[in-house]
Amino acid sequence: MAVSDPFHLAIQVHDIEEARRFYGEFLGCPEGRSSDSWVDFDLYGHQFVCHLNTELAKQGVAQHKNPVDGHGVPVPHFGVVLEMNAWQALADRLKAEGVSFEIEPYIRFKGEPGEQATMFFFDPSGNALEFKAFKDRESQLFRK
């Protein structure tokens, strides 16, 4: 997926090889440059970097939950806004793989301008991910 202005996001992980398996093999993100302490991935056209922090194995990623639509949404979190068919295919694949969801795939804000499909799950280091989709991403993404 080509994006006109890709973002750069760097996160901490407790194990680089585990991050390679999760983001590279499991989620299918192509790998870019790397070293012993970091690895770049192409996350749907965005530059996503995992940096090694071995202390995470002891302390974990700090989490907060914010109430949204009756669910405790983990903060911080990151992810991608997909086209609806790509979101559904990913949700189906993750369910088939037995992913443990923090928030199961569902439609949030039904009948409102921000109606969207969403799901939350964690990577092996405890980073929260959200993948979402709108029926018409271009007109609904920032609609009030």
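Predicted model: local features only at pLDDT ≥ 70, side-chain atom pairs only at ≥ 80, totals over all residues.

Author: Residues are numbered from 1 along each chain as its sequence is written, and side-chain values use heavy atoms, with hydrogens and water left out.

Reader: Which residues of α3 are buried?

Author: An α-helix has 3.6 residues a turn, so residues three or four places apart point the same way. Helices (H or I, at least four residues) and strands (E, at least two) are DSSP runs, numbered from the N terminus. In α3 (residues 84–96), the buried residues are Trp87, Leu90, Ala91 and Leu94, where buried means under 20% relative accessible area and exposed over 50%, with partly exposed in between (1.4 Å probe, protein chains only). Seen down the axis of α3, these buried residues fall within an arc of 100°, so they line one face of the helix; the arc is that of the directions from the helix axis to the C-beta atoms. The face turned away from that buried side carries the exposed Asn85 and Ala96.

Reader: In what order do the four strands of the open sheet stand?

Author: Two strands pair if DSSP finds at least two bridges between them. Here the order is β1-β4-β3-β2, with mixed pairing. The edges are β1 (8–13) and β2 (31–34), each with a single partner strand, so one side of each is left without a neighbour in the sheet. Two bridges join β2 to β3 (residues 38–43), and these strands run antiparallel, with Ser34 opposite Val39 in β3.

Definitions and conventions:
Expected span 1.5 Å × (residues − 1).
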